[in-house]
Amino acid sequence: MSKILILAAALFVVAATPLTNPRPSFNNEALSAQYRLSDNTIPTFYDVRLFLDPNADSFRGSVTIRVMPYVETDEIVLHAMDMTLSNINVRSDLNADNLYLSHTLATDDTHFLRIRLSQTLTAFLPYLVDIDYTAPYGDNMFGIYVSTYETATGDRRLVTSQLQPTFARRAFPCYDEPKFKAIFRTTIYAPAEFTAVRSNTLVRDDAGTWPDVPGYIKHEFEDTLPMSTYLVAYLVSDFDFRDNTENPIYRIPFRVYARPGVLNTADFALDFGQRNMVALEEYMQFPYYFEKMDKVAVPDFAFGAMENWGLVKYREVALLVQDGVTTTSTKQNVGRLICHENLHQWFGNEVSPDSWTYTWLNEGFANLFESYATDFVLSEWRMMDQFVLNMQNVFQSDAVLSVNPMTHPVYTPSEIIGTFNAVAYQKLRNSRRHLGGSSVALTLVSAKDLSSLSLLRDRSALRVRVNTTGSVIRMLEHFLTPEIFRRGLVIYIRDNARGVVTPAQLYTALQQAVNEANYSLPTSIEQILTAWTTQGGFPVITVRRSAPTANSVFITQERYLTDPTQSAPDRWRIPVNWVLSTAVDFSDTSPQAWVPHTFPAVSVDIPRLNETEWFIFNKQQTGYYRVNYDEENWQALSRVLNSDQYDRIHVLNRAQLIDDAFNLARNGRLDYRIPMELARYLVRESDYVPWAAASAAFTYLETVLSGSPAYEWFQPCPVWSTNQRSPFAELASPCANKRAYLQAFTNYCRVVHQRYIQSSHQPSERGDDVCAHSCVRVYKTEFLLELSLPLFDELGFDETQNEEHVTAFHRNIILGINCRHGNENCTSVAQDLLQEPESIHADIQTTVYCSGLRGGDAGAFNTLWNMFVDTTDSSRQSILLNALGCTSNSDRLQLATSAPLTDTEKYTVEQHLLKKTFSSYMDQVISDTSSVREQDRHTILVSVINAGPDNLEVALDFIIDNFLEIQQSVQGLTGTTNILNALSRTLSTKEHEEKIDNFYERYQNYFTAGEIASVAAIRENIGASQFWADRNFNVVEDWLRANYGNHAGRVTATVAFVLPLILSLLNVV
């Protein structure tokens, strides 16, 4: 390349990457100096040559980096990791003399390669750094690594890459921080048998600059635009592809690559991917500037997907759709992820964050637009309605003190990777990026590290709020109006393309759009958003009439925390709007008032409020906050919901009322009788969204009720002493005759129930206490069955023609309630369908499989496991892994192969046969010969945890006993944190708290930062659940008894419904 071109390229990149971006001043400057590269030298161009043979164990490479010194220096510092350097040459572009003197490669997690020079570099004069090296392929799906897939003739291998966030340094020596943008030229030498060799750009159509090498085919690619190192990507494979040659919906070559034999599953990605790119280009008013777009389905891939510029990679289950096999949920997830990665071509690729502290500038917009822009193409999917449900789910994880702000400084690789725990979780949500077993890659946090990372002060470490960011940005769109919001983003992308940014550039662009439109805000965009981006959590506002006849309300705000014993001083500027019963219009979601951050309470005038029966704040739940009301307004809302006029309230606000009410009651801000009364309206509700909101609330109730004193009496074979005062005391060992025990037990429950009705008796005898809590479970079951019965009859098991897209999700909720809680019409159909498991419609397979496994059927477990082993379809594997955790027999979850039956074992014949027949399902997580891919192994434990209280206990003990092995066996970035987050949602008792304390003490020196954050959340949520039990159990019990236990006939009918459930709980086969 000529000197003129060299200087031009250098100046272009320098201009595109300004050094004067404002950066916030953080407290820990020492960490910044220790881990972040200085601006003394800047890369402007990389020429990378790689020899990649999938059949080898390592690769070799050479890189030439053009660097520009900004100060006089005798040292060049960059990153390199897990490689052997064989030659280094540093020369001026004007002089070939080698200036290299020596180098050191750090053995700690800074990964700094320091090249000392024989003379001082002249500022603003380009230099070239040549480095030759060899490196092993990564063994944890990061860096450059090998993936495999099965064929009829044996396993096939391919080379692929995953360089985000800090693994480009494992592929080639580089300045591995997002702010150091440069142009990349790539040449790959690969064996001739691998015909699909790809990188970010098109293959050059000339001879190129590098020679051919015997035994390899040279693939030399065009230069990229200036971009960050983490976006570089490689593929060496024998994949096939489908492209848009015959139907060019999009204006450039668009291909979908996959392993041979599955290309028939690429049609949806090819069609939707193009249409979505067209829609995004139109919205952004800024073209996609690369000359091609490849989408690649990789068998082994740590992330759900990765937005590499021009070569986007996905897990197979996140890109390929097979009619009749892929569920509606998985297909939706494919569309969502394609849109997510397409959006990154602007937010992340064109405009990149100055550092990973600002990950939300990439992932927050992608989190919102994966739904927002999918609606551009497939509005019938109701993705923005579903986004509200996702936001309600985010509320749960964001309602703990340990959550960090959106803008949270990160320095170490462990901290940076922690930010991507949340990213990966949201990318894989609904089907589901991290480090695996390599001790080099997996930065473990020791007690010493905790001090240096300030983690002793903040055990949360890296609970970065990527999903939260999408919800805050959605609120931003609504309080600005969609038109001003869009204009602000257009300005932001246009003014910062090829550059790096902090939030300041976003605020400037949005403020320009506000000013152009003459739009009124109470203060600047920066002042409004700063509180939302620099504080953790979110607010709850309480709205109360100033007086019964007043035309004003008082609004207070505070940070919402699940654990009501905790508090925080955080306050926000909150946009509010409202609907009155006398003027029902939910369409205009712009703010009608603002709650300031400086006052404990504010009065807001609302004309004609005194004429209204009820009012609702937060139209369509567009604001990222919860709303509480005075009791009179809650009661009025309950009345309208439980009437034929319930649909006067917008469907998203019906979902909001359910979700807010149950969660406000959960942490003691609201009497539990209010959400229970609200929920009774569901018997009228036919829309999916409110039912999905209610389903999450009911799941939590199931969790905390299972943690009550009653639940221990539903364990297998409880034994009462013969001196207990009960009509079935003669059954000293109910295991001898479970069915006789069950009948006596249920009869006794009726006796106790009548005693409750006839007097204010509170049980003191143990047997009475058992039945009191047992009846609560019976009443709760009747409550859920009664609410869902109309929809069970309407939706059934069979898909109907032209039904709404979300009906598949709705059907699963209703079938799950009914089969799980003993509706014989549900369980019997599920058992019949299970006789031919291959013929079950994909959308209901998990529900049907779970129903059969909860019944304890050994044949069903064996059949489903064999189906998993035999299939290579990733969608079917996902369904089966999630279902297999539902087995009701703990011995099937953790079995020792061929263990002898001792005298002390109390197994039935079937259980003993199972013990000899089944290898441990949970052992598949840690087994060296596991049939489950590393990226999927955490699903085993998550499915067992989520299957029910009995299975939870088995999984918790397994995790505590085997955590180090699990840590090394599951996909590292999110594997263990997904498991721990599942525990956070389900653990609730004092016994659980003791186990988690022991777990922490046992493994605290081995936890990653993300794992520390998850353990902190577990502790907070257990504390909140214990508070719930102390405060709310009796209230829920009384309400259920009063409404679903007023006559014996009802209990008798319920016992008939509940009988299968109790049988399964008692392991009656």
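## Overall composition

The secondary structure of the chain comes to 32 helices and 28 strands, where helices (H or I, at least four residues) and strands (E, at least two) are DSSP runs numbered from the N terminus. This is a predicted model, in which local features need pLDDT of at least 70 and side-chain atom pairs count only at pLDDT 80 or more, while totals for chains, interfaces and linings use all residues. Residues are numbered from 1 along each chain as its sequence is written, and side-chain values use heavy atoms, with hydrogens and water left out.

The chain has 1069 residues, of which 64% count as buried. Buried means under 20% relative accessible area, exposed means over 50%, and partly exposed lies in between (1.4 Å probe, protein chains only). The chain exposes about 37800 Å², and carbon and sulfur atoms supply 49% of that area. Accessible areas come from the Shrake-Rupley method with a 1.4 Å probe; for residues, only the protein chains shown count as cover.

## The three-stranded sheet

An open sheet of 3 strands is ordered E3-E6-E5, and its pairing is antiparallel. Two strands pair if DSSP finds at least two bridges between them. Strand E3 (73-79) and strand E5 (100-105) are the edge strands, each pairing on one side only. On average, neighbouring strands of this sheet are turned by 20 degrees against each other, direction ignored. Axes for such angles are lines fitted to C-alpha atoms, for helices over the stretch in contact, and the angles run from 0 to 180 degrees between N-to-C directions.

E3 and strand E6 (residues 112-121) run antiparallel and are joined by 6 bridges. Along this pairing, histidine 79 stands opposite phenylalanine 112 in E6, and valine 77 has arginine 114 in E6 as its bridge partner. E5 and E6 also pair in the antiparallel sense, over 5 bridges, with leucine 105 opposite leucine 113 in E6. The hairpin of E5 and E6 has 6 residues between the strands, and in this hairpin histidine 111 takes a positive phi near 55 degrees.

## The six-stranded sheet

An open sheet of 6 strands has mixed pairing and the order E4-E7-E2-E1-E10-E12. From one strand to the next, the twist averages 15 degrees.

E4 and strand E7 (residues 127-136) run antiparallel, joined by 8 bridges. Threonine 84 has threonine 134 in E7 as its bridge partner.

## Disulfides and other cysteines

A disulfide is a covalent bond between the sulfur atoms of two cysteines. Here a disulfide is taken as a pair of cysteine sulfur atoms within 2.5 Å, and by this rule the count comes to 2 disulfides. One of them joins cysteine 819 to cysteine 826, with an S to S distance of 2.0 Å. The torsion about the S-S bond of cysteine 819 and cysteine 826 is about -90 degrees, so this disulfide is left-handed. Cysteine 819 and cysteine 826 are both buried.

A disulfide also joins cysteine 850 to cysteine 886, with S to S 2.0 Å. For cysteine 850 and cysteine 886, the torsion about the S-S bond is about 50 degrees, so the disulfide is right-handed. The pair links distant parts of the chain, 36 residues apart: cysteine 850 is in helix H22 (residues 845-854), and cysteine 886 is in the loop between helix H24 (874-884) and helix H25 (890-893). Cysteine 850 is buried because its relative accessible area is 7%; cysteine 886 is buried because its relative accessible area is 5%. Cysteine 174, at 0% relative accessibility, also counts as buried, and cysteine 339 counts as buried at 0%.

## Nonpolar core

The largest nonpolar core has 303 residues, among which Phe172, Phe369, Phe617 and Phe698 touch the most other members. Helix H17 (residues 688-706) supplies the largest share of this core, 12 residues. A nonpolar core is a set of buried Ala, Val, Leu, Ile, Met, Phe, Trp, Tyr and Cys residues joined through side-chain atoms within 4.5 Å.

## Surroundings of serine 471

Serine 471 lies in helix H10 (residues 466-480) and counts as buried, at 1% relative accessibility. Leaving out residues up to four places away in sequence, serine 471 touches Asn367, Phe387, Met391 and Tyr624, where contact means heavy atoms within 4.5 Å. Serine 471 and threonine 622 are 151 residues apart along the chain, and their C-alpha atoms are separated by 8.2 Å.
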